[in-house]
Amino acid sequence: MHPLTSIFLAFLAAHVAVQLWLARRQVAFVAAQRGYVPPAFAGTVTPEEHAKAADYTVAKQRLGMLEVVFEATLLLWLTLGGGIVRIQALAGSLGAPPLVSATLLVLGVFAVIALLSLPFGIYRTFVLEQRFGFNRTTPAVYAADLAKGWILGLLLGGAVTAGVLWIMSSLGGKWWIAGWLAWTAFTLMLTWAWPRVIAPIFNKFQPLEDPALRSRIDALLERCGFHTKGVFVMDGSRRSSHGNAYFTGLGREKRIVFFDTLLSRLAPPQIESVLAHELAHFRLKHVPQRIAVGALASLAGFALLGWLAKQAWFYPGLGVPSGSDAAALVLFLLVAPAFTWLLSPAAAAWSRRHEYQADAFAAVYSDATSLAQALVALYRDNASTLTPDPVHSAFYDSHPPPAARIERLNLLRQTAAVTAATT
Ligand SMILES: [Zn+2]
């Protein structure tokens, strides 16, 4: 066997084994705690709500385990099983100019993945989310979302793929520097344009009208020295009853977006504290840090791709007999996750650190008690488990476990009370 084939298979097998092992741990841990509401939530989450969160978590993990096996099988078929070679032959048989058939190969591979993964998406929305009372999507809305998503993917994905492939074929050995610059410009432009151009294709955004809430939010923005184009309400209830809030855009296009499902469930002081947490990610420079780390990671990726594309062994080692720019690009995109998963615990830990910092910021600029209440309400209404397996959580979770987060907020509240009493 080719050495690269052995290495790829070993890393992929390890990834599948670790994912399944962690999922089984999570299922066992959550199921074992199903009948026992943690003391910190005893007054706010009922035993029925806690049991529902456990069942929902277990059902999602089980589906996730099936997806892990499916995705690994699909990856093996595309690479060593000759799937890419077949798609390449199909794309080449159309007689299009070389750049067009090269772009078609890359788009074709991702179209095959999207099509074959479709049953999982449908099952998730119309069976799993439905069973737990979260789904509000109709088949018509779902089909329209898919069509819009695919057209958008074809246009944006096609443009950026053609651009990178053109740079690869025209700029010689150091192409990857130009490729990285073009990619970074593309992602920044997309982030900037998202709220104004792309998000409205899928949802309606209305300026927040409630005058009392609006003045509370304006006062918070003023306290934090934050400037934004606007505060919007999104019709999230059209698809799901899960609630959320987020920031979007860059520079002057920054927007605050609340799901209508969140506004309908939280009291104004709680909404303010959630917003203060989100503002913290900007004020504490978490967002630019993430953009910078993302840009450095993609620079490393492009440099590695630039080197691998020139190695004759790269292609046959992954099931493609003859090399080309498009084959290099698509193999790299497909196979990289079999190696990069080793970094995910570090990325998750970094994110959890930011979450604690943002909670502490919200405790100062808004109120720790309100934030704790808001978090409990969101955990409860979204049926998030209060008792994740510690190892599963350490490996994947971008947010700290609920009990740890609430405990930290209670400490912050006590410290604030002591400070207030002594001054
Ligand atoms: Zn956060």
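Colleague: Which protein donors does the zinc ion have?

Modeller: This is a predicted model, in which local features need pLDDT of at least 70 and side-chain atom pairs count only at pLDDT 80 or more, while totals for chains, interfaces and linings use all residues. Residues are numbered from 1 along each chain as its sequence is written, and side-chain values use heavy atoms, with hydrogens and water left out. Taking as donors N, O and S atoms within 2.8 Å of the metal (3.2 Å for Na, K and Ca), with water not among the atoms, so that sites may look incomplete, the protein donors lie 2.1 to 2.7 Å from the zinc ion and are His277 (NE2), His281 (NE2), Glu355 (OE) and Glu355 (OE).

Colleague: Where do His277 and His281 lie, and how many residues apart?

Modeller: Both histidines are buried, that is, under 20% relative accessible area, where exposed is over 50% and partly exposed in between (1.4 Å probe, protein chains only). With helices taken as DSSP runs (H or I, at least four residues) numbered from the N terminus, His277 and His281 both belong to helix α9 (residues 268-283), about one turn of the helix from each other, or four residues apart.

Colleague: Is Lys285, with its positive phi, buried or exposed?

Modeller: Most residues other than glycine have a negative phi. Lys285, in the loop between α9 and α10, has a phi near 65°. Its relative accessible area is 52%, and therefore Lys285 is exposed.

Colleague: What is the relative accessible area of Ala383?

Modeller: Ala383, found in the loop between α14 (368-381) and α15 (390-396), also has a positive phi, near 50°. Ala383 is buried, with a relative accessible area of 3%.

Methods:
Helices (H or I, at least four residues) and strands (E, at least two) are DSSP runs, numbered from the N terminus.
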